[in-house]
Every structure is written in structure tokens, then in C-alpha cells.
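User: I have a structure open and would like to know what lies behind the terms used for it. Could you take me through a few of them?

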Amino acid sequence: MQSSLCPMFGIDVPIFGFSHCRNVVAEISRAGGMGVLGTTYYSAEALEHELAWIDQQVGDKPYGINLLLPGNYETVGEEKLDFRKLPPEHVKFMRDVCDEAGIPPLPPGEREALLDHEIAQLHMTPEHAHQLLEVALRHPNIKLFVSALGVPPAHFVELLHSRGIKVGAMTGKVEHARRHKAAGLDLVIAQGTEAAGHTGKVSSMVLWPEVVDAVAPMPVIAAGGVGRGRQMAAAFALGAQGVWCGSIWLGTKESELEPEMKALLFGAKSEDAVQTRSRTGKPARMLRSRLTEAWEQPGALKTLPMPWQTVLNTEPRLRMERARHPEFLTYPVGQIVGLMTAETSCKQVIYDMLEEFIETTERVGHLVELENE
Ligand SMILES: Cc1cc2nc3c(=O)[nH]c(=O)nc-3n(C[C@H](O)[C@H](O)[C@H](O)COP(=O)(O)O)c2cc1C
């Protein structure tokens, strides 16, 4: 199965796999697709380490990176992120939710140091994005750079192009796709609201063909709700040149998730993947939990803008991770969680997807033949 994206990247199948987990990224590229590493929360040193590992695993196969560029944040600029700057009523709201569930507080002697350490990992400055880019440029197997939110700055695009790296961006709206085209990008990833993580409001079924028509002949990769061959066939039928999957890899043996989190996903229904501002301040789809529900209750406060909501979540997250309270466990996941019922592997996902894609196209082709008989 080939599309215009296969010769563009030297891949065998136009299946792109997003993950924050190096094992998943390497395995997808080794299987003939294109793994794309989410790098947002890495330090430059940690990223160098992960990319060196991926290079070793993939041999001469290509892979990509995805980065959230701080230039596109609403509020961050150069301001140092510090939990001491959070509005006290928001801190109290989160503390009450944890206390009411009997989740122990962080040890008082360690609390400040733990929070400072965690928040320092958020790395949300333009310099940091440049440092990550410099690291990535040292790894020649990286053939694709994807901006997670918004149009990448022109100097980023020029630099990447001068090194032979294709540049893409995520989009949930047709106007944004047009802006990406005008900025000289090579492709867009049109992500419907069904997807995990930050999402817009338009469903894949409507968004994909809209974006395909708006940016033609620029290639469009379809994301949001693709985990099986029938969904892949639908994406190609609607004009996409490739598919981009995120949630489906969470259920693989290579994924970063602990068994208890995987078990929660395998038991979840499609409607348990809810869109909420509670994690980052921007609408993001993730597994419903008592924490996501707390922000939906009557009288709940308004969430903080990005990135302060993430800063606010640091303490409850640390408390919950320590307590391992299953009702508070959550993770970004899309509506296809309802199709994920048992552990598999990245290779098996790709194999099953291609097999079902071929069956589907044959079945649909047969319908056309019947019509012509
Ligand atoms: C755990 C997880 C984290 C994600 N984080 C990001 C991210 O940092 N940047 C990004 O552009 N997309 C992120 N996404 C979205 C994926 O890139 C992809 O568009 C989405 O998962 C596709 O829809 P699906 O979830 O239905 O497969 C994330 C997805 C998952 C599952």
C-alpha cells in the first residue's frame, strides 16, 4: 500500500505513529511506517539520549519529531513557571478534591522541592524549543518535523528545509490548514475532534475532506479516530495521503503505560474519552476520571490558561501518582479507546490495519463492480 508520502519519506506504508515513547516510535519505523516522537517535555540532554537510542534501533529507517512551540502559547513568553504564582483559590480547589478522596498530601518537608523539580521539567520557553531543534538536527534519520500547535516560525521552517527535513503541522480547523500552506509547509495533519490530546470541535469525517480541498495539492495526513483498516480506508476515500495515529499505540506492549492504566483503557467505552480543559487549560481529550469530573461540577472554577493549568495540576498529579487511586488515573486518549480491548504490539496494529484496509477496498470495489454488471 503506497501513497505520495512513501517516496517523500522513504517509507513502505503511509502510517504515521505519534508517541512520547521511544520504543513505540522505533517499532513503527522498523515496521515500515513512520514513528514520530512527541518531544515537548524533554530536556535537551534527555532528548539527545532518546534520539541516539532510536537511531540505533531503526538503522537507516526515517522517523520524525513533534514539538509544541512556545511562540504559540497564549501567556507564557519568558515568564518563569512557578507554583507560588498560582491563584490561591485554584490551589485550594485542587487540594480539596484530593483531600476529599483521602489522597495523602505530599510530605511537607519535600513538597516545595518536589514541585520545583517537576515544574522545571515543563521547559516552556522559546530558547528551549531552539535547543531541542538543535539536538534534533544532529540526527540525520529525522526526516519530519511537526508543530503541535500553530504555524512554526519562518526561520524554523527555513532551517529545517535547508537540512532536507519536511515540515508539517497539526490542524483541527480548515483556516489553520490554509495558514500552514501559506507558511510554506510540506504537509498538514488534519486531526478531528475524536483524537487524543488537544483537539478542536470538528469531526474527522467533516474535517478531512474540507482540509484536503482547501490545501490541495499539498498532502494531508488524516488523524483522529484511526486505529483500524476500515478507518484508514475512509481516510483515503476522503482524500488523505496518509494516516496519523496516537491512541492505538497506548495498548501495545511497547507503550509507556503501566498495566493498571492499560487495563483502564481496555475497559473504557468511546464516550469515556472526554474533552476537558482540566489538564492543560486548552480543550484536550483524555480518559474520564474523578479529576476531569471535578472541573465539570456546578460551582467549579474556570480553568487557568495554558501553561498555568499544567502547573496547577502538578501537585494533584504527584499526590495521585503516589496514592495510585484508580478513579483518579487518567491519560490522553481518543474515542477509539472503545475499540481497544486487549494488549497487542505495534507491528500487529500495522499488520491488522493493512489487512483490513485491503479487505475494505476490495469490498467497496466489489460494490462498484456489482453496479456495473
Ligand atoms: C498520549 C498522547 C499524547 C499526545 N500528545 C500530543 C502532543 O504532545 N502533540 C501533538 O501534536 N499531538 C499529541 N497527541 C495527539 C496525536 O498526535 C494524534 O493526533 C492523535 O492521537 C490522533 O488521534 P487518535 O488519538 O484517535 O489516534 C497525543 C496523543 C496521545 C495518545
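User: What makes helix H2 largely enclosed by the rest of the structure?

Analyst: Seven of the nine residues of H2 (residues 22–30) are buried, so the helix is largely enclosed by the rest of the structure. A residue counts as buried if 20 or more other C-beta atoms, placed from the backbone, lie within 10 Å of its own; with 12 or fewer it is exposed, and in between partly exposed. The buried ones are Arg22, Val24, Val25, Ala26, Glu27, Ile28 and Ser29. They pack against strand E1 (15–19), strand E2 (34–38), helix H3 (44–58), strand E3 (63–67) and helix H14. After H2 comes Gly32, with a positive phi near 105°. Helices (H or I, at least four residues) and strands (E, at least two) are DSSP runs, numbered from the N terminus.

User: Where do these numbers come from?

Analyst: This is a predicted model, in which local features need pLDDT of at least 70 and side-chain atom pairs count only at pLDDT 80 or more, while totals for chains, interfaces and linings use all residues. Residues are numbered from 1 along each chain as its sequence is written.

User: How do you know that Trp249 is buried?

Analyst: Trp249 has 28 other C-beta atoms within 10 Å, and the definition asks for 20 or more, so Trp249 is buried. Trp249 sits in the loop between strand E9 and helix H11 (259–266). Leaving out residues up to four places away in sequence, Trp249 touches Gly17, Ser19, Val24, Ser255, Cys346 and Val349; touching means that the C-beta atoms, placed from the backbone, lie within 7 Å. Trp249 and Val349 are 100 residues apart in sequence, and their C-alpha atoms are 7.9 Å apart in space.

User: And why is Ala196 called buried?

Analyst: Ala196 has 27 other C-beta atoms within 10 Å, so it is buried too. Ala196 belongs to the loop between strand E6 (187–191) and strand E7 (197–198). Among the residues it touches are Gly246, Arg285 and Gly334.

User: Why is H10 called oblique to H14?

Analyst: The axes of H10 and H14 cross at roughly 60° and come within 7 Å. Axes are lines fitted to C-alpha atoms, for helices over the stretch in contact, and angles run from 0 to 180 degrees between N-to-C directions. Under 35 degrees counts as roughly parallel, over 145 as roughly antiparallel, 65 to 115 as roughly perpendicular and the rest as oblique. The angle of H10 to H14 falls in the rest, so H10 is oblique to H14.

User: What makes H5 oblique to H13?

Analyst: H5 (residues 111–120) and H13 (residues 308–323) pack at about 125°, their axes 10 Å apart. That value also falls in the rest, so H5 is oblique to H13. The contact is made by Leu114, Leu115, Glu118 and Ile119 of H5 and Val311, Thr314, Glu315 and Leu318 of H13. By class, it has five nonpolar, one polar and two charged residues. Ala, Val, Leu, Ile, Met, Phe, Trp, Tyr, Cys and Pro count as nonpolar, Asp, Glu, Lys and Arg as charged, and the others, Gly among them, as polar.

User: Which residues come nearest the ligand?

Analyst: Of the 27 residues around the ligand, Ala148, Ala195, Gly197, Gly246 and Gly334 come nearest; a residue is near if its C-beta atom, placed from the backbone, lies within 6 Å. The shell divides into 16 nonpolar, 10 polar and one charged.

Conventions. Two residues are in contact if their C-beta atoms, placed from the backbone, lie within 7 Å.
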